[in-house]
Amino acid sequence: GLLLEKKEAVTLDEMEDIFQMEKVTSEFFDRYKDKYLQLKEYLEKDKVFTIESKKYTNNIEEFSEEFAKKLMGQLAFLYFLQKKGWLGVKFIPATLKLNEYKKVASNKSNTEKELLSKIFSRISENEYKRSVSKIKELSDKEADILAGCFKNTDFDDKWGTGEKRFIRTLFDQHRRIEDKNNKGKNFFNDYLEPLFYDALNNHRGENQYFKEFNCKIPFLNGGLVAVDPEMLGKVFENLLDVKNRKSKGAFYTPREIVHYMCKESLINYLDNEVEGAKREDIEQLIQMGEFIKEEDQHLFEMFYKKPDKENPKSDDWELPVTILKN
């Protein structure tokens, strides 16, 4: 956005300023903080929330503060997943042509074929249609078996292809139901809670299929999703001391300082522990490790020892060496 606003040529210094992490996260935090405070102040005035809070504590202000922080954190986390295209990844298609249905059903067990025929109804000579209501009636085990029929097929969309407005789509769907039925569903109870607590935390199906939203759900405990810790770290740790609009937050150690501390610690550790190694070689390896040329690979080998069965402690070097290489 900032680049598009610039009509004249952009200098290198201006480019660095535009993409400066500190500036981006500071602006994001300011907006995030404002939304958090709006929510907190709204909750403190809400009679229903006050009544519910008193079941746990008499300190409504403190309770609303913690509740708002947790809710905002959950929403921010969902936003990052959504932005990466990890939410709403399609899996089981809405329709199948006759040849596609036969291909999916081929070499499948009787159980799998029964589930396919239960979920897909033939609506014409050459087409089958999926029943969302029947999918929701399946047990978690049956839903996972059904999803397995489409795994590694053309219908198994890749991670990152999910709808970038997935949460908004859920909310719009909720509003349509609400308008149609007058009372409708509760967006938090019927949509966000199943998504955050059930799908992302409790669902452990092999194929990661979540029948409630008819899509794949990222398997977070498997390390599949990586959310930028720099952005989240600054936002959430800054909020630790925010209690009102005058609070500034608590700022944590910048990444550059952490990198410097880690490098100095490794240099001192290896200088003390590795016999025969020169400190300048160690410093060169730590400071320029990722740029080491082929002829300098001996620097890595100098600090590496293969595990010795007779001397188990000899593999102690594997941890620092791994850190160096990464």
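In this predicted model, Arg168 and Asp172 form a salt bridge between their side chains, with N and O 3.8 Å apart. Both residues belong to helix α10, which spans residues 166-181, and because they are four residues apart there, about one helical turn separates them. Arg168 is partly exposed, its relative accessible area being 40%. Asp172 is also partly exposed, at 31%. Elsewhere, salt bridges with shared partners link Asp271, Arg279 and Glu283 into one network.

Side chains of opposite charge can pair when their charged atoms come close. In the whole structure, a search finds eight salt bridges.

Another of these pairs lies in helix α3, which covers residues 21-45; Lys40 and Glu44 are four residues apart in that helix, so about one helical turn lies between them. Their closest N and O atoms are 2.7 Å apart, and the two residues form a salt bridge. Lys40 is buried, because its relative accessible area of 4% is under 20%. Glu44, in contrast, is partly exposed, with a relative accessible area of 29%.

A further salt bridge joins the side chains of Lys211 and Asp140, at 3.8 Å from N to O. Lys211 sits in the loop between β4 (209-210) and β5 (215-216), while Asp140 is in helix α9 (residues 140-148), so this pair ties together parts that are 71 residues apart in sequence. Lys211 is buried, with 13% relative accessible area. Asp140 is partly exposed, with a value of 48%.

Note on methods:
Residues are numbered from 1 along each chain as its sequence is written. This is a predicted model: local features need pLDDT of at least 70, side-chain atom pairs count only at pLDDT 80 or more; totals for chains, interfaces and linings use all residues. Side-chain values use heavy atoms; hydrogens and water are left out. A salt bridge is a side-chain nitrogen of Lys or Arg within 4 Å of a carboxyl oxygen of Asp or Glu. Helices (H or I, at least four residues) and strands (E, at least two) are DSSP runs, numbered from the N terminus. Buried means under 20% relative accessible area, exposed over 50%, partly exposed in between (1.4 Å probe, protein chains only).
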